[in-house]
Amino acid sequence: TPIEYPQEPKDYVGRPRMKKRWGHMIADTPEELHAMAVRIGLWRAWAQTSSRGDLHYDLVPSKRAQAISLGAIPLSRRDFMAQIRLMRQEKICPKP
């Protein structure tokens, strides 16, 4: 079964032209990540790669709620970072 992990949103201040509250979504594979993104109405072109090479999407709270309603596993910010570290160690963190 596909597993996606939407991060708990964080308040970001001082970033003009951006929503002030958002988080990230990762998945076990790029295919799973892009499939969920499409299901919640995100364009594939919006996928991003972090400075560490981790593939993700930015999510506003409403998109996070949609992903969770479709079966994604919600994570706190702390658990999200632990999941990223685990995926990096196991070398399964999706790359673009």
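Q: Accessible areas here come from the Shrake-Rupley method with a 1.4 Å probe. What does the accessible surface of the protein chain come to, and what part belongs to carbon and sulfur atoms?
A: In this predicted model, the accessible surface comes to about 6000 Å². Carbon and sulfur atoms account for 55% of that area.

Q: How many helices and strands are there in the protein chain, and in what order do they run?
A: The chain has 3 helices and 5 strands. Starting at the N terminus, the order is β-β-β-α-β-β-α-α. Of the 96 residues, 38% are buried.

Q: What makes H34 count as buried?
A: The cut-off for buried is under 20% relative accessible area. H34 has 11% relative accessibility, so it counts as buried. H34 is found in helix α1, residues 30-39. Setting aside neighbours within four places in sequence, H34 has contacts with R44, A47, L55 and Y57.

Q: Which other residues in α1 are buried, and what do the buried residues of α1 pack against?
A: Besides H34, the buried residues in α1 are E32, L33, M36 and A37. Their packing partners are β1, β3, β5 and α2 (61-69). Just after this helix, G41 takes a positive phi of about 90 degrees.

Q: How do you know that the span of helix α3 agrees with its 13 residues?
A: At 1.5 Å a residue, helix α3 (residues 77-89) should span 18 Å, and its end C-alpha atoms are 19 Å apart, so the two agree.

Q: Which residues in α3 are buried, and why are they said to be on the same side?
A: The buried ones are F80, Q83, I84 and M87. Around the axis they cover an arc of only 100 degrees, which puts them on the same side of α3. An α-helix has 3.6 residues a turn, so residues three or four places apart point the same way. On the other side of α3, R78 and Q89 are exposed. The cover over the buried residues of α3 includes β1 (4-6) and β3 (21-27).

Q: Why is the meeting of R88 and D54 called a salt bridge?
A: The distance from side-chain nitrogen to carboxyl oxygen has to be within 4 Å. For R88 and D54 the N to O distance is 2.2 Å, so by that cut-off the pair is a salt bridge. R88 is in helix α3, while D54 sits in the loop between β4 (48-49) and β5, 34 residues apart. A search of the whole structure finds 1 salt bridge.

Note on methods:
Residues numbered from 1 in each chain as written. Predicted model: local features only at pLDDT ≥ 70, side-chain atom pairs only at ≥ 80, totals over all residues. Heavy atoms only, no water. Helix = DSSP H or I, 4+ residues; strand = E, 2+ residues; numbered from the N terminus. Expected span 1.5 Å × (residues − 1). Buried < 20%, exposed > 50% of the residue type's maximum accessible area, 1.4 Å probe, protein only. Arc of directions from axis to C-beta. Contact = heavy atoms within 4.5 Å.
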